[in-house]
Structures are given as C-alpha cells and as structure tokens.
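Visitor: I am new to reading protein structures. Could you walk me through one?

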Amino acid sequence: MPTLHLVRAALPFVNGGLSGMVATCCIQPVDMIKVRLQLAGEGVATGPKPTPISVTREILAQGKVLDMYTGISAGLLRQAVYTTARLGFFDTFMTRLTQRVKDKGNSIGFAERASAGLAAGGLAAFIGNPADLALIRMQSDGVKPVAQRQNYKSVVDAVTSIVRAEGVTALWAGATPTVVRAMSLNLGQLACFSEAKAQLAARTTWSKNSQSLAASAVAGFFASFLSLPFDFIKTRLQKQQKGPDGKLPYKSMIDCAQKVARQEGLLRFYRGFGTYYIRIAPHA
C-alpha cells in the first residue's frame, strides 16, 4: 500500500515532465524565434521591425535548419525540472485544497485554482532557473558578434561555462522575473484551463477531448497575455553579460522594464505575441 501511494503521488510529476518534454520537441523552433524577436532592436525605438518570418530566414541564412533547435538540451532539462515540478505541485495543491473545501461542504472555485497555480509556478520556476538561463544563453549566442560567441555544445557545457566565468549565483540571474512570469503563466494556464474546462463541462455537450482543446486555447491566450511582459524582461536579463566597463546593461527587473519602456516603447513588451501564443498553447 505505501508503494501504491508513492506511485500515485509521483504520477502528476512524471506525467507533467514527460508532457512538457514532448511539447518542447514540437515548439523549440518557435521558442527560438520568440527569443530572437525579444532581443531584436534592443535599446532602439525605431528601425526595422522583425517578424517571425524574417527572423526564421535570418537564422537559416546563418547556418542550417537544425539551428532552429539550438538549446534543445537545455529546453528538455528545463521541462524535466520546471514542468515536472509545476504540474506536480499544482496537482498536489489542488488535491489538498479540494479536500479542504469539501470538508467545509463547499465546492472548489477559481480562487483555489488560482492560488494553486501561483504557488506551483513560483516554486517550480525558482528550481528550474539554471536550465532556463542556459536555454536563453544558448539561443541568444547567435546574435552576438562571432568573436564573442561561446558556442555552447550542450546544456552541461553552458552551465559549467557560466559557473566558471560568473559564479554559481549567476545561474539564478533573472530569477525574479522568471518566478513572476511562471506565476502569471500558471494563473492563466493552469487555473484558467481548469476553470474553462469546468465551465464547458457545465454549459456544453461537447466531448471531453473537445472541451480540453477549447479550454487549452482559452488558457493559452490568458497565459500569454499575462506572462509575456515578464517573459520579455526575463529574456533580456538572462541574456545580458558585463560589458567592457564591467557593468550590466540592466540592474534589476524594474530597471529593465523602465529602460525598455523609455527607449523602445510599451508595445515592445508584447512584440511577438502571436509567436508566444503558439509556443504556450501546446503546453496548455
């Protein structure tokens, strides 16, 4: 019996990690394009406006089709850690909250789903930040001048190189926006998915598969809308490295947000929303 309980407790974590890794294999090229869109035109309000198509052409022109999968090892590790933890935590929190609400004679609502999503996302993001940082460094390496590129061979090479050059604490660079992004994403993705599915089950006669797909589309939109600005800041912070003067371009999440808003405009935070939505929806 104890073994059975352990297996049941582990299933949400295992299922979450495997589903996240499968989704990453499908959307890694989209994630690559998303990151390049966020880094384009840094510090400049005007100039050419990149599109997903123009970014894709630029990547392919520099190398080969497989370059679209740059950082796949880091992406898989990130899912193995982050998604395993967030979905596992969410299911665990929801189970406990559901039981607590039932004991009081009530039914679980959006507030409980939102609380579980926020907590699960924040905890998992902090744990998975090193893999997330390695992913951004690997994907952004190609936009640097050739002489400054690190040419990481794998996520292990990226992590060890970062630790060797910047110290262990550097692996948690951008952790604050990463945690906030994950909390807002989970609020939109997990909580809204759960709520949308419950509403569709009560108001439609659709099949369960149709309800799940529709709920995923709804959840993907809200997750993208709520989390993209934080994802944008996270990318900028995790990509940055000290310049010749020994200083970083951005001091903090707030400093980054202020500089982007002042130098590039508020709409820059939502650049590539369509691409980001396509990246988020399969995970939902």
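**Reading burial, packing and contacts**

Guide: Lys 234 counts as buried, at 2% relative accessibility. Buried means under 20% relative accessible area, exposed means over 50%, and partly exposed is in between (1.4 Å probe, protein chains only). This is a predicted model, where local features need pLDDT of at least 70, side-chain atom pairs count only at pLDDT 80 or more, and totals for chains, interfaces and linings use all residues. Residues are numbered from 1 along each chain as its sequence is written, and side-chain values use heavy atoms, with hydrogens and water left out.

Visitor: Where is Lys 234 found, and which residues does Lys 234 touch?

Guide: Lys 234 is found in helix 7, residues 208-239. Helices here are DSSP runs of H or I with at least four residues, strands are runs of E with at least two, and both are numbered from the N terminus. Contact means heavy atoms within 4.5 Å. Set aside residues up to four places away in sequence, and Lys 234 touches Asp 132, Ile 136, Gly 174, Pro 177, Thr 178 and Arg 181.

Visitor: Now Lys 34. Is Lys 34 buried or exposed?

Guide: Lys 34 is buried, because its relative accessible area is 3%. Lys 34 lies in helix 1, residues 2-39.

Visitor: With which side chain does the side chain of Lys 34 make a polar contact?

Guide: First, the idea. A polar contact is a pair of N or O atoms within 3.5 Å; within protein, one must be able to donate a hydrogen and the other to accept it, and residues adjacent in sequence count only if both atoms are side-chain atoms. In this case, the partner of the Lys 34 side chain is the side chain of Asp 231, at 2.8 Å. Beyond its neighbours within four places in sequence, Lys 34 is in contact with Asp 231, Thr 235, Thr 275, Tyr 276 and Arg 279.

Visitor: And Pro 52? What is Pro 52 in contact with?

Guide: Neighbours within four places in sequence aside, Pro 52 is in contact with Ile 33, Leu 37 and Thr 275. Pro 52 sits in helix 2, residues 52-62. Pro 52 counts as partly exposed, at 36% relative accessibility. Pro 52 and Lys 234 are 182 residues apart in sequence, and their C-alpha atoms are 20 Å apart in space.

Visitor: How do I describe two packed helices?

Guide: Two packed helices are described by the angle between their axes and the distance between the axes. Axes are lines fitted to C-alpha atoms, for helices over the stretch in contact, and angles run from 0 to 180 degrees between N-to-C directions. Under 35 degrees counts as roughly parallel, over 145 as roughly antiparallel, 65 to 115 as roughly perpendicular, and the rest as oblique.

Visitor: At what angle do helix 3 and helix 4 pack?

Guide: Helix 3 (residues 72-103) and helix 4 (residues 110-140) pack at about 170°, with axes 8 Å apart. The two, helix 3 and helix 4, are therefore roughly antiparallel. The residues of this contact divide into 22 nonpolar, five polar and five charged. Ala, Val, Leu, Ile, Met, Phe, Trp, Tyr, Cys and Pro count as nonpolar, Asp, Glu, Lys and Arg as charged, and the others, Gly among them, as polar.

Visitor: At what angle do the axes of helix 4 and helix 5 cross?

Guide: The axes of helix 4 and helix 5 cross at roughly 95° and come within 9 Å. Helix 4 and helix 5 are therefore roughly perpendicular to each other. Helix 4 contributes Leu 133, Ala 134, Arg 137 and Met 138, and helix 5 contributes Val 155, Ala 158, Val 159, Ile 162 and Glu 166. The residues of this contact divide into seven nonpolar, no polar and two charged.

Visitor: What about the loop between helix 4 and helix 5?

Guide: Asn 151 has its place in that loop, and helix 5 covers 155-166. Asn 151 is exposed, with a relative accessible area of 55%. Phi of Asn 151 is near 50°, a positive value in a residue other than glycine.

Visitor: How many disulfides does the structure hold?

Guide: A disulfide is a pair of cysteine sulfur atoms within 2.5 Å. The structure holds zero. Take Cys 25: the closest cysteine sulfur, in Cys 26, is 6.7 Å from its own sulfur, too far for a bond. Cys 25 is partly exposed, with a relative accessible area of 39%.
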